[in-house]
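The sequence and model come first.

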Amino acid sequence: MEIKQLTDNSEKQAVVRFILEALPDWFGIPEARENYIKESSDKIFFCAYEQDRPVGFLYLKETGTATVELYVMGVLKEFHRNGIGRELFYRAKRAAGEKGYSFLQVKTVQMGRYEEYDRTNRFYLSLGFQEFEVFPALWDEWNPCQIYVMNLC
């Protein structure tokens, strides 16, 4: 596996489309998926490759002068639990620190709602994120938004 930082916006969008369309359990809402694709331009973006085939990606979005968000991450299901997400995260975390950000945040569906998202929550906690706040209606009543944070300093 090789991880590269991508800078070409059309390459970023193609990777996001390829990966997210393969993950309907997490990214099944077409409008949201298209938004992730569109927003990937000009972001800090990392892609994992297996034999020149993209198998995962992650990108960061600035949410404040000191804060960046792990905005979206996807790894093809057949590559889950192989350390790819963790490696993508470590590369992105290092890049965020080098760019001078102090905090990293991530949003997901609150633990206890859906098994797919419970695994996601456990993954973020294993990376060192800490629970910050739950917004019960940020997205909708069926998907309460859990925010985790991490100090980069």
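The text below covers the strand, its partners and the loop.

This is a predicted model, in which local features need pLDDT of at least 70, side-chain atom pairs count only at pLDDT 80 or more, and totals for chains, interfaces and linings use all residues. Residues are numbered from 1 along each chain as its sequence is written, and side-chain values use heavy atoms, with hydrogens and water left out.

Helices (H or I, at least four residues) and strands (E, at least two) are DSSP runs, numbered from the N terminus. Buried means under 20% relative accessible area, exposed over 50%, and partly exposed in between (1.4 Å probe, protein chains only).

Two strands pair if DSSP finds at least two bridges between them.

| Partner of β4 | Sense | Bridges |
|---|---|---|
| β3 (residues 53-62) | antiparallel | 7 bridges |
| β5 (residues 103-109) | parallel | 3 bridges |

A hairpin of 4 residues links β3 to β4. Gly-74 in β4 is the bridge partner of Phe-57. On the β5 side, Thr-67 stands opposite Phe-103. From β4 the chain passes through helix α4 (residues 84-98) to β5 in a right-handed β-α-β crossover; right-handed means that, with the strands pointing away from the viewer, the path from the first strand over the helix to the second runs clockwise.

The loop between β2 (44-50) and β3 contains Gln-51 and also Asp-52. Neither residue is glycine, yet phi is positive, near 50 degrees for Gln-51 and near 65 degrees for Asp-52. Gln-51 is exposed at 75% relative accessible area, and Asp-52 is exposed at 68%.
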